[in-house]
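Hi everyone, thanks for coming.

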Amino acid sequence: MTSKDYRENITRRSFIEGTGAVAAGLILLPGLSLEEQKKRVSTPVLTILERTTEPLLKADRLWEDYSIGFNSVLKIGDQWHLWYVAYDHQYKTDNDCFFCYAGSKDGVHWEKPSLGIYNYNGSTDNNILMFGFNLCSFIYDEKAPPEERFKGVGARQHGVGSGPWWVYGAKSPDGIHWNQLEEPLLKKNSDTGNICIRDGNIYRLYVRMWSGGDFKGYRIVGYTESNTFGNFPDPVAILSPDKDDPTDLHFYNSATAKINDDLYLMFPSGFFTRDGTVVVYSAFSRNGLKFSRIGRRPLLGLGTGFDKTGIYVSAGAIPGKIPDTYWIYYAGTQIPHDETNPSRVHYDGGIGRILLKVID
């Protein structure tokens, strides 16, 4: 199979095939009830109840006139917060990114406020927070000191030109005014939407790795953890294509989210190198480290509009009003993965979402 099999606009579908739900002959482990043991080895059922057909937020400002990309949404109280990365036609590399903010009262209608922070072409009448740092994963901790209630994780290129992308962090009192941390969180290449989750007393960090070393072989998902927001050890590979996958399939941009104390979901980007399309797969874990694929087919296939060529799921899962449902946001694109010539692209990209039902 190739990405051409997944161009349909999937709007309602359950994903359980090919995973071997609860094994027969289950051996009960000490200290666990039968139901607890079944849950630890069973596969959750994912069903898409709703899907965006038009972007909720699209590229329409001068600093977005090439494209918008990686993004993340948090809901804090009644306020929805959206951070995203944008590029204008001065783009040369992914270093040339504008880190932007939008707000909403319902998660559907988004406003790009005039923040007066960044001077773009002689004016601060824009929603730009900073330049050159693609923050795309966020933690809100109301128990943290006021100056660091928000924590963000992204990547910056170490060196000039083709150097590795190290993982960096930033802190903020309000999600608007950010202070970048000088010391990297991880001095390993990870040029993707790096995901960091605060899980009890540890920080879980999901990154990109390469099967053959930096920029060699296949893109795969890696994992590392730390007791502090920093000093992460070298990551280990936790998800990669296997012999039954198309030979041109790569995995990255994990978009991992913790659903409850016993379930972590991953929505990795499946990049097909032959035609440059990107679709979304799914995997689950009971401990945040060991993940198993949910079926062999993508969870989210290509759409017919703003997301007809590529889909990148955002960090986080926001509970919906219906029990066991979650709003999952994503960035859609109409251009192939490796299209990097701004002269051929104008205002590409939009942000949509799905409502995902999770039965575990």
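I'll start with the chain as a whole, then go through the open spaces, and finish with the rings.

Before anything else, please keep in mind that this is a predicted model. The protein chain has 360 residues, and 55% of them are buried. In terms of secondary structure, you'll find one helix and 27 strands. So what about contacts along the chain? Take the contacts in the protein chain with a separation of 6 or more: residues 24 or more positions apart account for 56% of those.

Okay, on to the pockets. How much space lies in the largest pocket? About 850 Å³. Its lining has 32 residues, and if you want to find the centre, look for Y87, Y91, D94, H337 and T340, which lie nearest to that point. Three strands each supply at least two residues of this lining: β4, which covers 67-76, β5, which covers 79-87, and β26, which covers 325-333. The largest share comes from β4, with four residues. If you sort the lining of the largest pocket by class, you get twelve nonpolar, twelve polar and eight charged residues.

Now the second largest pocket, with about 650 Å³ of space. Here 24 residues form the lining, and L74, F138, I139, Y140 and R198 are the closest to the centre. Which strand gives the most to this lining? That's β4 again, with five residues. Other strands that each supply at least two residues include β9 (137-140), β13 (195-199) and β18 (257-260). By class, the second largest pocket is lined by 16 nonpolar, four polar and four charged residues.

How many cavities of 30 Å³ or more does a search of the whole structure find? One. The largest cavity has a volume of about 40 Å³. Around it you'll see F70, N71, C136, G193, I195, N253, V313, S314 and A315. That lining comes out as five nonpolar and four polar residues, with no charged ones.

Last topic: aromatic rings. When we talk about a pair of aromatic rings, we give the distance of the centres and the angle of the planes. In this model the count comes to 22 aromatic pairs. Let's zoom in on one of them, Y203 and F229: the centres are 5.5 Å apart, with 55 degrees between the planes, and that pair counts as tilted. Where do these two sit in the chain? Y203 is in strand β14, residues 202-210, while F229 is in the loop between β15 (219-226) and β16 (236-239), so the pair links distant parts of the chain, 26 residues apart. Are they buried or exposed? Both Y203 and F229 are buried.

R156 lies over the face of F133, 5.6 Å from the ring centre. R353 lies over the face of W327, and there the distance to the ring centre is 3.4 Å.

How values were computed:
Residues are numbered from 1 along each chain as its sequence is written. This is a predicted model: local features need pLDDT of at least 70, side-chain atom pairs count only at pLDDT 80 or more; totals for chains, interfaces and linings use all residues. Side-chain values use heavy atoms; hydrogens and water are left out. On a 1 Å grid over the protein atoms alone, a cavity is a set of points where a 1.4 Å probe fits but cannot get out, and a pocket is an open set with protein on both sides within 12 Å along at least five of seven lines; lining residues have an atom within 4 Å of a point. Grid points are joined across faces, edges and corners, and a volume is the space filled by probe spheres set on the points. Ala, Val, Leu, Ile, Met, Phe, Trp, Tyr, Cys and Pro count as nonpolar, Asp, Glu, Lys and Arg as charged, and the others, Gly among them, as polar. Rings of Phe, Tyr and Trp (its six-membered ring) pair if their centres lie within 6.5 Å; planes under 30 degrees apart count as stacked, over 60 as edge-to-face and the rest as tilted. Buried means under 20% relative accessible area, exposed over 50%, partly exposed in between (1.4 Å probe, protein chains only). A charge sits over a ring if NZ of Lys or CZ of Arg is within 6 Å of the ring centre and within 35 degrees of the ring normal. Contact means heavy atoms within 4.5 Å.
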